[in-house]
Amino acid sequence: MMMIMIGMILAFVAITYFSIRNQSLNPAYVKIRPDEIELLDDRLANGEISYEEYQIVRNQLLK
């Protein structure tokens with residue numbers, strides 16, 4: 001009875017491990033577009049917005 005329980009636990013751990021590993025290797029799970037903070041940083045770097053506007057919008061995004 002104890003061996004069956006240990007086998008079930010090992011099977012569960014193996015299934016969980018391989019499913020997580022496959023998800024991280026799948027390109028569908030890769031972040032495709034930059035998040036809002038990165039876009040905001042780019043706009044500031046390009047001079048599209050002022051530093052004051054940057055701070056206001058960044059604080060709103062982080063709330």
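Reply: The pLDDT is the predictor's confidence in each residue, on a scale from 0 to 100. This is a predicted model, in which local features need pLDDT of at least 70 and side-chain atom pairs count only at pLDDT 80 or more, while totals for chains, interfaces and linings use all residues. Residues are numbered from 1 along each chain as its sequence is written, and side-chain values use heavy atoms, with hydrogens and water left out. The protein chain averages a pLDDT of 80, and 78% of the residues score at least 70; among its elements, helix α1 (residues 2-25) has the lowest mean, 80, and α2 the highest, 90. Helices here are DSSP runs (H or I, at least four residues), numbered from the N terminus.

The axes of α2 (residues 36-45) and α3 (residues 51-61) come within 10 Å and cross at roughly 180°, the axes being lines fitted to C-alpha atoms over the stretch in contact, with angles from 0 to 180 degrees between N-to-C directions. The pair is therefore roughly antiparallel, a term for angles over 145 degrees. On the α2 side the contact (heavy atoms within 4.5 Å) is made by E36, I37, L40, D41 and L44, and on the α3 side by Y51, Y54, V57, R58 and L61. These residues divide into 7 nonpolar, no polar and 3 charged, where Leu, Ile, Val and Tyr are among those counted as nonpolar, and Asp, Glu, Lys and Arg count as charged.

Within α2, L44 is partly exposed, with a relative accessible area of 26% (between 20% and 50%, 1.4 Å probe, protein chains only). Beyond its neighbours within four places in sequence, L44 is in contact with I49, S50, Y51 and Y54; L44 and Y54 lie 10 residues apart in sequence and 6.7 Å apart in space, C-alpha to C-alpha.

Technical notes: Helices (H or I, at least four residues) and strands (E, at least two) are DSSP runs, numbered from the N terminus. Angles under 35 degrees count as roughly parallel, over 145 as roughly antiparallel, 65 to 115 as roughly perpendicular and the rest as oblique.
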